[in-house]
Amino acid sequence: MAAAELSRSGGGITRLGLQVLTGRWFMVFACLLIMSMSGATYIFGIYSNDIKTSLGYDQTTLNLIGFFKDLGGNIGIVSGVINEVTPPWVVLAIGVAMNFTGYFLIWLAVTARTPKPHVWQMCLYICVGANSQTFSNTGALVTCVKNFPESRGIVIGLLKGFTGLSGAIITQLFRAFYGHNSKALIFLIAWLPAAVNSVFLRTVRLMKASSNQQKNEIRIFYNLLYASLFLAGFLMILIILQNGVVFSRAEYAGSTTVVLLLLFSPLAIVFREEYNTLTNNKVITTIENPTPETEAPPPPPPQAVAAAVPWWKDVFKPPERGEDYNILQAVFSIDMIILFTAITFGIGGTLTAIDNLGQIGKALGYPAKSITTFVSLVSIWNYLGRVTSGFASEIFLAKYKFPRPLMLSLVLLLSCSGHLLIAFGVKDSLYVASVIMGFCFGAQWPLIFAIISEIFGLKYYSTLYTLGGGASPLGAYILNVRIAGYLYDREATKQLAAKGLVRRKGEDLSCSGVECYKVAFLIITAATLVGCAVSSVLVVRTRKFYRGDIYKKFREESVAE
């Protein structure tokens with residue numbers, strides 16, 4: 001009956017279209033598309049060899065560039081602070097400019113359209129381009145977490161899952177557009193994410209929904225999860241087929257068309273939910289200002305002013321876990337220091353493996369097609385790790401009070417098996433190692449971001465969640481540049497000397513065999529075990545907190561409104 005009334009009304013279709021475009025589920029869809037294009041840093045392994053050979057770098061220099069990629073991709077303090085005082089579209093617009101500028105300059109350098117840049121310039125280019133990812137994450141992810149605070153684990157897992165899938169999605173688009181010209185991939189990641197973000201600049205915003213809508217949130221998120229699983233499954237089938245069969249450009253175009261259809265399939269869910277919203281007269285209030293409007297509190301009594309604590313004393317007297325910490329209270333809290341240390345050793349190791357996949361595969365004698373497969377496998381399992389940890393940790397927390405820090409410790413322990421497979425270079429084991437590395441790397445992020453939001457509150461979440469991400473480039477610098485890169489170059493120099501050759505200036509330095517990365521990944525395994533032990537300390541410290549009802553205050557606020 002409601003459908004008939006809507007169709008009979010002259011402006012029914014127009015109202016439905018307006019409802020869809022301004023509804024909060026279309027906002028979620030826009031965030032999913034933005035995140036699906038924001039994982040360019042994860043496919044560094046495909047085009048890193050082009051940077052190395054075209055500019056004549058050794059492995060240490062390439063790893064240094066990789067470190068600045070990780071630094072830019074994870075240090076989001078600037079985007080967080082900007083998001084505290086501006087609407088999300090401002091943050092996304094800045095990210096658009098940074099993404100195109102950074103990667104376009106790299107493409108110009110690699111294709112010799114500009115004079116060979118200095119190493120520090122390449123580091124700057126990739127840092128700027130990769131840092132745009134933090135603006136996309138902050139604009140989309142933080143906004144969604146604030147819009148759906150009671151489903152934050154699921155929201156983070158789903159959105160970060162699409163980031164994980166982005167590597168495989170972009171790779172398929174690249175094959176359809178440019179064939180096997182890997183240098184053109186750099187140009188693609190310069191313009192495509194910038195174009196997608198530009199389309200949805202004003203769509204992403206803070207919103208509120210009625211209590212009736214909040215009851216349906218979990219069901220809708222599960223429907224979005226099923227749609228993403230179909231996409232991931234199809235991409236996995238494509239990866240298997242493309243590893244065994246040579247695809248023509250037309251076949252790549254056909255398979256990519258199906259990928260795009262699956263990528264846009266959540267629109268059907270959006271239309272259905274917004275249609276239900278319209279027919280049931282549910283009202284959504286849009287908040288244009290990032291700070292929610294509340295009634296002005298009564299003026300504090302005079303004695304409250306007199307009892308004010310100096311900021312430097314308040315820093316070391318944080319509130320209870322789950323309440324809103326200010327930025328300095330969170331930075332200097334023991335819980336944040338423990339989490340930061342665990343991330344440094346844990347994600348630093350998996351980042352080193354992912355960044356060096358191309359060089360590891362080449363050193364172990366895998367063909368170029370297999371190296372592309374490794375990167376795509378990492379992307380798919382990165383996605384599965386993110387959605388699994390996001391959804392599973394939320395379910396386990398709700399039903400069994402299973403603490404997220406414990407799940408983080410288990411993920412770190414699992415990643416050690418992948419490091420050992422790389423270290424010993426068992427025949428064809430790099431396929432399995434790629435799966436483990438992708439899953440563990442992906443699984444850590446939703447857990448980390450959810451833990452930060454739960455322990456330190458949402459008031460300054462835009463800034464605080466970037467602190468967790470900031471630990472990974474520190475770990476990558478230590479484990480990737482100072483250890484893996486140095487040991488690789490030492491072994492490569494030794495092999496060159498054994499052949500009676502001397503490296504000439506401007507030549508790249510390559511190593512072959514298991515020994516290139518063996519010692520490095522044994523060290524990384526030990527470092528990850530340290531991160532696991534440190535994370536276990538946080539489990540002990542927060543066990544009482546996670547046994548309680550950590551979402552109680554959000555339900556009370558919803559009822560009060």
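## Helix H4 and the residue after it

Which residue just after H4 takes a positive phi? In this predicted model, that residue is Gly56, with a phi of about 70°.

H4 itself covers residues 44-55, 12 residues in total. From the first C-alpha to the last, H4 reaches 16 Å, close to the 16 Å expected at 1.5 Å a residue. Because 9 of its 12 residues are buried, H4 is largely enclosed by the rest of the structure. The buried residues are Phe44, Gly45, Ile46, Tyr47, Ser48, Asp50, Ile51, Lys52 and Leu55.

## Packing of H18 and H23

Helix H18 (residues 334-355) packs on helix H23 (residues 461-498) with the axes 6 Å apart and an angle of about 50° between them. The two helices are therefore oblique to each other, and H18 passes H23 in a right-handed crossing.

On the H18 side, the contact is formed by Met336, Phe340, Ile343, Thr344, Phe345, Ile347, Gly348, Gly349, Leu351, Thr352 and Asp355. The H23 residues that they meet include Leu464, Leu467, Gly468, Gly470, Ala471 and Ser472, and also Leu474, Gly475, Ala476, Leu479, Asn480 and Ala484. By class, this contact of H18 with H23 has 13 nonpolar, 9 polar and 1 charged residues.

## Packing of H12 and H14

The axes of helix H12 (residues 217-244) and helix H14 (residues 266-279) come within 9 Å and cross at roughly 160°. An angle over 145 degrees counts as roughly antiparallel, so H12 is roughly antiparallel to H14. The crossing of H12 and H14 is right-handed.

H12 contributes Arg219, Ile220, Asn223, Leu224 and Ala227 to the contact, and H14 contributes Pro266, Ile269, Arg272 and Glu273. By class, the contact of H12 with H14 has 5 nonpolar, 1 polar and 3 charged residues.

## Positive phi in residues other than glycine

Ala112 is not a glycine, yet its phi is positive, at about 60°. Ala112 sits in the loop between helix H7 (88-110) and helix H8 (119-147). Its relative accessibility is 64%, so Ala112 counts as exposed.

Lys401, also a residue other than glycine, has a positive phi near 55°. The loop that holds Lys401 lies between helix H20 (368-400) and helix H21 (404-424). Is Lys401 exposed or partly exposed? With a relative accessibility of 35%, Lys401 counts as partly exposed.

Definitions and conventions
Residues numbered from 1 in each chain as written. Predicted model: local features only at pLDDT ≥ 70, side-chain atom pairs only at ≥ 80, totals over all residues. Heavy atoms only, no water. Helix = DSSP H or I, 4+ residues; strand = E, 2+ residues; numbered from the N terminus. Expected span 1.5 Å × (residues − 1). Buried < 20%, exposed > 50% of the residue type's maximum accessible area, 1.4 Å probe, protein only. Axes fitted to C-alpha atoms, helices over the stretch in contact; angles between N-to-C directions. Parallel < 35°, antiparallel > 145°, perpendicular 65-115°, else oblique. Left-handed = near helix turned anticlockwise from the far one by under 90°. Contact = heavy atoms within 4.5 Å. Nonpolar A, V, L, I, M, F, W, Y, C, P; charged D, E, K, R; others polar.
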